[in-house]
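Student: Please take a close look at one part of this chain with me. I would like to see how a single residue sits in its surroundings.

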Amino acid sequence: MPNLDSEGYEFFGLKDAEIRGMLIERIEFLMANLSWSKKTLADKAGLPTSSIYTKLDRESTGQLTLLDMCAIAKAMDISVIQLLPLTAAERVAGGKPPAKASMLKMWDVLLSRSAEELEVIYQIDKLLHAKKAEAQQRFAFGGYK
């Protein structure tokens, strides 16, 4: 895989080995949440077991192909995008998602909403955070006894 060095995408400044390590970390995190072994992953994804062991070995040079990633995502019943550490928080955490794998399905459902529904959810979330901050501020200043 060529060393990608572009300022125009999420992985700017990261070496290929770091990106690969994050992808492996993400897949292993999801496997752990599903209580799957590499053999189970290989069986459910319809991929050769030896291939999965090689491609998920941090010391190996084996690369996951897009088709491998699609098969893995399909086996895990998630979007292939969810295999990628796309947010800054995930990259700082070394590829681990900021939420548990069980929540990924919830994110899929939320992201499939219309723009109007997402706006309503966003406004509700803003209101909840404002009320929480207000309560914390009152508590900090002795408003609750």
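Tutor: Start with a definition: helices (H or I, at least four residues) and strands (E, at least two) are DSSP runs, numbered from the N terminus. By that rule, K55 lies in helix α3 (residues 49-55). A caution comes next: this is a predicted model, where local features need pLDDT of at least 70, side-chain atom pairs count only at pLDDT 80 or more, and totals for chains, interfaces and linings use all residues. Residues are numbered from 1 along each chain as its sequence is written, and side-chain values use heavy atoms, with hydrogens and water left out.

Is K55 buried or exposed? K55 counts as buried, because its relative accessibility is 16%. The cut-offs are these: buried means under 20% relative accessible area, exposed over 50%, partly exposed in between (1.4 Å probe, protein chains only). Now look at what surrounds K55. Contact means heavy atoms within 4.5 Å. Setting aside neighbours within four places in sequence, K55 touches R20, I24, G62, Q63, L64, T65 and D68.

L111 belongs to helix α6 (residues 104-111). L111 is exposed, with a relative accessible area of 63%.

Step back to the whole chain. It has seven helices and zero strands. From the N terminus, the order reads α-α-α-α-α-α-α. Of its 145 residues, 28% are buried. Among contacts between residues at least 6 apart in sequence, 56% join residues at least 24 apart.
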